[in-house]
Amino acid sequence: MTRADAIRICLAYLAADDIVVAADGAVSREVYAVLDRPRTFYMLGSMGQVGSIALGLAMTRRERVVALDGDGNFLMGTGGAVMIGGVKPPNLYHLVLDNGVYGTTGGQPSLSRQVDLAQLALGAGYRWARRCGSAREAAGAVAQWLAADGPAFLALPIDEPEAAPAPRIPLAPETMAARVRAALEDA
Amino acid sequence: MTPSRWFDALTGAGIDFVAGVPCSYLAPFFAACDALPPGALLRATREDHAVAACAGAWLGGRSPLAVMQNSGLGYCLEVLSSLHILYRLPLPMLVSDRGAASDFEEHRFLGQRTRALLDLFGIPWREGTAGQEASDARWLVAAAAEGRGPTVLLVGPEGAA
(Lines give C-alpha, C1' and ligand atoms only; values in the text may rest on other atoms or scores of the structure.)
Protein backbone atom coordinates (compact mmCIF):
# COMPACT_ATOMS: atom_id res chain seq x y z
CA MET A 1 0.00 0.00 0.00
CA THR A 2 1.38 3.38 -1.00
CA ARG A 3 0.73 6.55 0.97
CA ALA A 4 -1.60 7.70 -1.81
CA ASP A 5 -3.52 4.38 -1.60
CA ALA A 6 -3.98 4.86 2.15
CA ILE A 7 -5.09 8.45 1.68
CA ARG A 8 -7.63 7.38 -0.95
CA ILE A 9 -9.03 4.74 1.42
CA CYS A 10 -9.31 7.22 4.27
CA LEU A 11 -10.86 10.03 2.23
CA ALA A 12 -13.49 7.62 0.90
CA TYR A 13 -14.80 7.21 4.45
CA LEU A 14 -15.08 10.92 5.25
CA ALA A 15 -18.40 12.64 5.82
CA ALA A 16 -19.06 15.91 3.98
CA ASP A 17 -18.76 18.03 7.12
CA ASP A 18 -15.61 16.39 8.50
CA ILE A 19 -12.74 18.81 9.06
CA VAL A 20 -9.36 17.51 7.91
CA VAL A 21 -5.88 18.59 8.99
CA ALA A 22 -3.29 17.24 6.54
CA ALA A 23 0.35 16.98 7.59
CA ASP A 24 3.00 19.15 5.97
CA GLY A 25 4.91 17.67 3.06
CA ALA A 26 3.84 14.69 0.99
CA VAL A 27 0.66 14.00 2.98
CA SER A 28 -0.86 17.41 2.21
CA ARG A 29 0.13 17.24 -1.44
CA GLU A 30 -1.37 13.80 -1.90
CA VAL A 31 -4.56 14.70 -0.05
CA TYR A 32 -4.92 17.75 -2.29
CA ALA A 33 -4.31 15.63 -5.40
CA VAL A 34 -6.95 13.05 -4.39
CA LEU A 35 -9.70 15.29 -3.01
CA ASP A 36 -9.54 19.03 -2.42
CA ARG A 37 -12.28 20.41 -0.19
CA PRO A 38 -12.72 23.71 1.67
CA ARG A 39 -12.79 21.93 5.04
CA THR A 40 -9.28 20.57 4.62
CA PHE A 41 -6.37 22.48 6.13
CA TYR A 42 -3.08 21.81 4.37
CA MET A 43 0.02 22.31 6.48
CA LEU A 44 3.19 23.51 4.75
CA GLY A 45 5.53 23.70 7.73
CA SER A 46 5.27 23.51 11.51
CA MET A 47 6.11 19.82 11.50
CA GLY A 48 5.01 18.02 14.65
CA GLN A 49 1.88 20.11 15.09
CA VAL A 50 -0.73 18.09 13.19
CA GLY A 51 -2.38 16.79 16.37
CA SER A 52 -2.16 20.14 18.14
CA ILE A 53 -3.85 22.02 15.28
CA ALA A 54 -6.50 19.29 15.10
CA LEU A 55 -7.02 19.56 18.86
CA GLY A 56 -7.64 23.31 18.63
CA LEU A 57 -10.25 22.58 15.96
CA ALA A 58 -11.83 19.68 17.85
CA MET A 59 -12.17 21.74 21.04
CA THR A 60 -13.95 24.53 19.20
CA ARG A 61 -16.11 22.60 16.71
CA ARG A 62 -18.80 19.96 16.91
CA GLU A 63 -17.90 18.30 13.62
CA ARG A 64 -15.50 15.39 13.44
CA VAL A 65 -11.86 16.47 13.03
CA VAL A 66 -9.62 14.03 11.16
CA ALA A 67 -5.86 14.50 11.50
CA LEU A 68 -3.83 12.87 8.72
CA ASP A 69 -0.33 12.55 10.11
CA GLY A 70 2.96 10.84 9.29
CA ASP A 71 5.09 8.76 11.62
CA GLY A 72 8.04 11.16 11.81
CA ASN A 73 5.65 14.05 12.20
CA PHE A 74 3.67 12.31 14.97
CA LEU A 75 6.85 11.38 16.84
CA MET A 76 8.04 14.98 16.70
CA GLY A 77 4.77 16.11 18.32
CA THR A 78 4.19 13.53 21.04
CA GLY A 79 3.48 16.34 23.49
CA GLY A 80 0.51 17.19 21.29
CA ALA A 81 -0.67 13.57 21.50
CA VAL A 82 -0.47 13.86 25.28
CA MET A 83 -2.71 16.94 25.13
CA ILE A 84 -5.23 15.06 22.98
CA GLY A 85 -5.23 12.14 25.41
CA GLY A 86 -5.64 14.48 28.33
CA VAL A 87 -8.42 16.62 26.85
CA LYS A 88 -10.14 13.61 25.22
CA PRO A 89 -12.12 15.43 22.51
CA PRO A 90 -14.67 12.82 21.38
CA ASN A 91 -14.64 14.24 17.83
CA LEU A 92 -10.90 13.86 17.14
CA TYR A 93 -9.65 11.07 14.86
CA HIS A 94 -5.89 10.77 14.37
CA LEU A 95 -4.40 8.70 11.56
CA VAL A 96 -0.69 8.05 11.16
CA LEU A 97 0.53 6.95 7.74
CA ASP A 98 3.47 4.91 8.94
CA ASN A 99 6.15 4.32 6.34
CA GLY A 100 8.97 4.24 8.88
CA VAL A 101 10.85 7.05 7.18
CA TYR A 102 10.93 10.80 6.67
CA GLY A 103 9.45 10.44 3.21
CA THR A 104 9.34 14.10 2.19
CA THR A 105 13.06 14.57 2.81
CA GLY A 106 14.40 11.49 1.06
CA GLY A 107 13.48 8.47 3.13
CA GLN A 108 15.72 8.75 6.18
CA PRO A 109 14.54 6.25 8.87
CA SER A 110 12.25 7.43 11.68
CA LEU A 111 11.93 5.65 15.03
CA SER A 112 8.48 4.26 14.26
CA ARG A 113 9.80 0.69 13.95
CA GLN A 114 11.15 0.90 17.49
CA VAL A 115 8.16 2.65 19.08
CA ASP A 116 4.65 1.22 19.34
CA LEU A 117 2.64 4.23 18.18
CA ALA A 118 -0.76 2.80 19.16
CA GLN A 119 0.45 1.99 22.69
CA LEU A 120 1.87 5.49 22.89
CA ALA A 121 -1.54 6.92 21.99
CA LEU A 122 -3.32 4.65 24.51
CA GLY A 123 -0.83 5.60 27.20
CA ALA A 124 -1.48 9.26 26.48
CA GLY A 125 -5.20 8.67 26.97
CA TYR A 126 -6.78 8.17 23.54
CA ARG A 127 -9.94 6.10 23.96
CA TRP A 128 -9.18 3.78 21.05
CA ALA A 129 -5.93 3.01 19.26
CA ARG A 130 -4.84 0.35 16.86
CA ARG A 131 -2.05 -0.41 14.45
CA CYS A 132 -3.33 -2.04 11.29
CA GLY A 133 -1.04 -4.92 10.38
CA SER A 134 -1.49 -5.23 6.64
CA ALA A 135 -2.66 -3.37 3.58
CA ARG A 136 -5.56 -5.71 2.88
CA GLU A 137 -7.05 -4.93 6.30
CA ALA A 138 -6.70 -1.17 5.80
CA ALA A 139 -10.25 -0.37 4.67
CA GLY A 140 -11.78 -2.35 7.52
CA ALA A 141 -9.43 -0.73 10.01
CA VAL A 142 -10.34 2.76 8.79
CA ALA A 143 -14.05 1.96 9.12
CA GLN A 144 -13.53 0.64 12.68
CA TRP A 145 -11.41 3.63 13.62
CA LEU A 146 -13.98 6.16 12.45
CA ALA A 147 -16.75 4.26 14.25
CA ALA A 148 -14.83 4.13 17.55
CA ASP A 149 -15.24 6.58 20.44
CA GLY A 150 -12.84 9.49 20.04
CA PRO A 151 -10.17 10.45 20.47
CA ALA A 152 -9.22 7.49 18.31
CA PHE A 153 -5.88 6.64 16.76
CA LEU A 154 -4.98 4.44 13.82
CA ALA A 155 -1.58 3.67 12.32
CA LEU A 156 -1.64 2.37 8.76
CA PRO A 157 1.42 0.61 7.34
CA ILE A 158 2.79 2.20 4.18
CA ASP A 159 4.97 -0.44 2.58
CA GLU A 160 5.24 0.61 -1.05
CA PRO A 161 6.98 3.67 -2.49
CA GLU A 162 4.97 6.25 -4.37
CA ALA A 163 4.88 5.96 -8.15
CA ALA A 164 5.45 9.69 -8.51
CA PRO A 165 5.52 12.53 -5.99
CA ALA A 166 2.42 14.73 -5.91
CA PRO A 167 3.06 18.34 -6.95
CA ARG A 168 3.04 21.27 -4.55
CA ILE A 169 -0.39 22.72 -3.78
CA PRO A 170 -1.07 25.75 -6.02
CA LEU A 171 -2.90 27.77 -3.34
CA ALA A 172 -1.54 30.71 -1.34
CA PRO A 173 -1.18 29.80 2.35
CA GLU A 174 -3.42 32.70 3.33
CA THR A 175 -6.12 31.34 1.03
CA MET A 176 -5.79 27.84 2.47
CA ALA A 177 -6.44 29.13 6.00
CA ALA A 178 -9.10 31.70 5.15
CA ARG A 179 -11.24 29.25 3.25
CA VAL A 180 -11.27 26.74 6.12
CA ARG A 181 -12.40 29.41 8.55
CA ALA A 182 -14.97 30.72 6.07
CA ALA A 183 -16.34 27.22 5.42
CA LEU A 184 -16.76 26.70 9.16
CA GLU A 185 -18.24 30.17 9.74
CA ASP A 186 -20.91 29.41 7.18
CA ALA A 187 -21.82 26.16 8.95
CA MET B 1 -10.81 32.60 42.64
CA THR B 2 -7.68 34.72 42.40
CA PRO B 3 -8.42 37.99 40.63
CA SER B 4 -6.49 38.61 37.44
CA ARG B 5 -6.77 41.95 35.77
CA TRP B 6 -5.15 40.58 32.62
CA PHE B 7 -7.71 37.78 32.44
CA ASP B 8 -10.61 40.17 32.87
CA ALA B 9 -9.14 42.59 30.33
CA LEU B 10 -8.38 39.97 27.69
CA THR B 11 -11.70 38.18 27.91
CA GLY B 12 -13.30 41.62 27.87
CA ALA B 13 -11.42 42.30 24.63
CA GLY B 14 -12.97 39.22 23.01
CA ILE B 15 -10.61 36.36 23.82
CA ASP B 16 -12.63 33.13 24.04
CA PHE B 17 -9.99 30.39 23.85
CA VAL B 18 -6.77 30.16 25.86
CA ALA B 19 -3.86 27.76 25.39
CA GLY B 20 -0.66 28.03 27.31
CA VAL B 21 2.01 26.93 29.72
CA PRO B 22 2.13 28.54 33.17
CA CYS B 23 4.68 30.99 34.54
CA SER B 24 4.77 32.03 38.19
CA TYR B 25 4.31 35.64 37.02
CA LEU B 26 1.04 34.51 35.42
CA ALA B 27 -0.27 32.31 38.23
CA PRO B 28 -3.26 34.59 38.89
CA PHE B 29 -4.09 34.53 35.17
CA PHE B 30 -4.11 30.74 35.04
CA ALA B 31 -6.14 30.53 38.25
CA ALA B 32 -8.71 32.87 36.73
CA CYS B 33 -8.95 30.61 33.65
CA ASP B 34 -11.08 28.26 35.78
CA ALA B 35 -13.90 30.66 34.93
CA LEU B 36 -13.68 29.84 31.22
CA PRO B 37 -16.42 27.62 29.80
CA PRO B 38 -15.59 23.93 29.21
CA GLY B 39 -13.35 23.45 26.20
CA ALA B 40 -12.03 27.01 26.20
CA LEU B 41 -8.78 26.31 28.08
CA LEU B 42 -5.99 24.06 26.86
CA ARG B 43 -3.27 23.27 29.39
CA ALA B 44 -0.51 22.74 26.86
CA THR B 45 2.49 20.48 27.34
CA ARG B 46 4.80 22.92 25.55
CA GLU B 47 4.46 26.37 24.08
CA ASP B 48 4.75 25.33 20.43
CA HIS B 49 1.77 23.02 20.89
CA ALA B 50 -0.14 25.86 22.54
CA VAL B 51 0.29 28.20 19.60
CA ALA B 52 -0.50 25.41 17.12
CA ALA B 53 -3.73 24.66 19.00
CA CYS B 54 -4.54 28.38 18.87
CA ALA B 55 -4.21 28.18 15.07
CA GLY B 56 -6.74 25.35 15.08
CA ALA B 57 -9.08 27.33 17.33
CA TRP B 58 -8.82 30.33 14.99
CA LEU B 59 -9.67 28.13 12.00
CA GLY B 60 -12.62 26.95 14.07
CA GLY B 61 -13.90 30.50 14.40
CA ARG B 62 -12.58 31.51 17.81
CA SER B 63 -10.44 34.38 19.11
CA PRO B 64 -7.56 32.51 20.75
CA LEU B 65 -4.85 33.70 23.13
CA ALA B 66 -1.52 31.97 23.76
CA VAL B 67 -0.01 32.43 27.22
CA MET B 68 3.54 31.60 28.24
CA GLN B 69 6.82 32.62 29.80
CA ASN B 70 9.26 34.32 27.41
CA SER B 71 11.45 31.20 27.63
CA GLY B 72 8.72 29.44 25.64
CA LEU B 73 9.10 31.79 22.69
CA GLY B 74 12.11 29.79 21.56
CA TYR B 75 10.02 26.65 21.21
CA CYS B 76 7.41 28.61 19.25
CA LEU B 77 9.55 30.25 16.58
CA GLU B 78 9.17 27.62 13.85
CA VAL B 79 5.41 27.35 14.38
CA LEU B 80 4.95 31.11 14.45
CA SER B 81 7.06 31.36 11.27
CA SER B 82 5.59 28.59 9.14
CA LEU B 83 2.04 28.63 10.49
CA HIS B 84 0.86 31.96 11.90
CA ILE B 85 3.08 34.29 9.87
CA LEU B 86 2.96 32.19 6.68
CA TYR B 87 -0.83 31.70 6.74
CA ARG B 88 -1.52 35.13 8.28
CA LEU B 89 -3.33 33.87 11.37
CA PRO B 90 -3.99 36.41 14.14
CA LEU B 91 -2.44 35.33 17.44
CA PRO B 92 -2.49 37.54 20.53
CA MET B 93 0.12 36.33 23.01
CA LEU B 94 0.45 37.13 26.71
CA VAL B 95 4.10 36.59 27.59
CA SER B 96 5.77 37.01 30.97
CA ASP B 97 8.78 39.31 30.87
CA ARG B 98 11.41 37.34 32.77
CA GLY B 99 15.10 38.11 32.80
CA ALA B 100 15.57 41.43 34.55
CA ALA B 101 18.90 41.84 36.36
CA SER B 102 17.15 41.00 39.63
CA ASP B 103 15.60 37.79 38.20
CA PHE B 104 17.06 34.30 38.55
CA GLU B 105 20.05 33.68 36.31
CA GLU B 106 18.35 31.00 34.19
CA HIS B 107 15.94 33.64 32.88
CA ARG B 108 18.49 36.26 31.95
CA PHE B 109 20.04 35.16 28.64
CA LEU B 110 16.83 34.70 26.66
CA GLY B 111 14.97 37.23 28.78
CA GLN B 112 17.36 40.00 27.91
CA ARG B 113 17.02 39.19 24.22
CA THR B 114 13.23 38.88 24.11
CA ARG B 115 12.59 42.28 22.54
CA ALA B 116 15.37 41.85 19.97
CA LEU B 117 14.01 38.38 19.14
CA LEU B 118 10.50 39.71 18.58
CA ASP B 119 11.87 42.57 16.46
CA LEU B 120 13.93 40.12 14.38
CA PHE B 121 10.81 38.09 13.60
CA GLY B 122 8.77 41.23 12.90
CA ILE B 123 6.39 40.45 15.75
CA PRO B 124 4.75 43.58 17.19
CA TRP B 125 5.03 43.86 20.97
CA ARG B 126 4.16 46.17 23.80
CA GLU B 127 4.97 46.25 27.50
CA GLY B 128 1.81 45.83 29.51
CA THR B 129 1.23 48.42 32.20
CA ALA B 130 -0.46 47.74 35.53
CA GLY B 131 -3.59 49.86 35.70
CA GLN B 132 -3.91 49.96 31.90
CA GLU B 133 -4.86 46.33 31.38
CA ALA B 134 -8.06 47.08 29.46
CA SER B 135 -6.42 49.34 26.89
CA ASP B 136 -3.38 47.06 26.59
CA ALA B 137 -5.65 44.06 25.99
CA ARG B 138 -7.65 45.92 23.35
CA TRP B 139 -4.39 46.89 21.64
CA LEU B 140 -3.17 43.29 21.69
CA VAL B 141 -6.31 41.82 20.15
CA ALA B 142 -6.70 44.61 17.59
CA ALA B 143 -3.03 44.58 16.56
CA ALA B 144 -3.07 40.80 16.05
CA ALA B 145 -6.24 41.06 13.98
CA GLU B 146 -4.95 43.94 11.86
CA GLY B 147 -1.46 42.52 11.43
CA ARG B 148 -2.85 39.00 10.94
CA GLY B 149 0.00 37.40 12.85
CA PRO B 150 1.47 36.87 16.28
CA THR B 151 1.48 39.93 18.55
CA VAL B 152 2.92 40.02 22.05
CA LEU B 153 2.05 41.73 25.29
CA LEU B 154 4.97 41.47 27.73
CA VAL B 155 3.92 41.52 31.36
CA GLY B 156 5.64 41.50 34.71
CA PRO B 157 4.54 39.68 37.86
CA GLU B 158 0.81 40.09 38.07
CA GLY B 159 -0.32 42.03 41.10
CA ALA B 160 2.99 43.89 41.36
CA ALA B 161 2.95 47.63 40.88
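A residue is called buried if 20 or more other C-beta atoms lie within 10 Å of its own, exposed if 12 or fewer do, and partly exposed in between, with C-beta atoms placed from the backbone. The legends below describe a predicted model, in which local features need pLDDT of at least 70, side-chain atom pairs count only at pLDDT 80 or more, and totals for chains, interfaces and linings use all residues. Residues are numbered from 1 along each chain as its sequence is written, while chains are lettered from A and ligands numbered from 1 in the order in which they are written.

**View 1. Helix α3 of chain A is enclosed.** Helix α3 of chain A spans residues 50-60, and eleven of its eleven residues are buried, so the helix is largely enclosed by the rest of the structure. Among them are Val50(A), Ile53(A), Ala54(A) and Leu57(A). Helices here are DSSP runs of H or I with at least four residues, strands are runs of E with at least two, and both are numbered from the N terminus.

**View 2. Chain A as a whole.** Buried residues account for 49% of the 187 residues in chain A. Among contacts in chain A between residues at least 6 apart in sequence, 73% join residues at least 24 apart; two residues are in contact if their C-beta atoms, placed from the backbone, lie within 7 Å.

**View 3. Val21 of chain A in the nonpolar core.** The largest nonpolar core has 111 residues, of which Val21(A) and Leu68(A) touch the most other members. Helix α3 of chain B (residues 47-59) gives the most to this core, with nine residues. Such a core is a set of buried Ala, Val, Leu, Ile, Met, Phe, Trp, Tyr and Cys residues joined through C-beta atoms within 7 Å. Leaving out residues up to four places away in sequence, Val21(A) touches Phe41(A), Val50(A), Ile53(A), Ala54(A), Leu57(A), Val65(A), Ala67(A) and Leu68(A).

**View 4. Helices α5 and α6 of chain A.** Helix α5 (residues 78-87) and helix α6 (residues 117-124) of chain A pack at about 45 degrees, with their axes 7 Å apart. On the α5(A) side the contact includes Ala81(A), Val82(A) and Ile84(A), and on the α6(A) side Leu120(A), Ala121(A) and Ala124(A). By class, the contact residues are six nonpolar, two polar and no charged. Axes are lines fitted to C-alpha atoms, for helices over the stretch in contact, and angles run from 0 to 180 degrees between N-to-C directions. Ala, Val, Leu, Ile, Met, Phe, Trp, Tyr, Cys and Pro count as nonpolar, Asp, Glu, Lys and Arg as charged, and the others, Gly among them, as polar.

**View 5. Where chain A meets chain B.** The contact takes 27 residues from chain A and 27 residues from chain B. On the chain A side, α3, α5 and α8 are the elements that give two or more residues. That side has 15 nonpolar, eight polar and four charged residues.

**View 6. Two alanines of chain A.** Ala4(A) lies in helix α1 (residues 3-12) and counts as buried, with 23 C-beta neighbours inside 10 Å. Beyond its neighbours within four places in sequence, Ala4(A) is in contact with Glu30(A), Val34(A) and Glu162(A). Ala178(A), in helix α8 (residues 173-185), counts as partly exposed, with 16 such neighbours.
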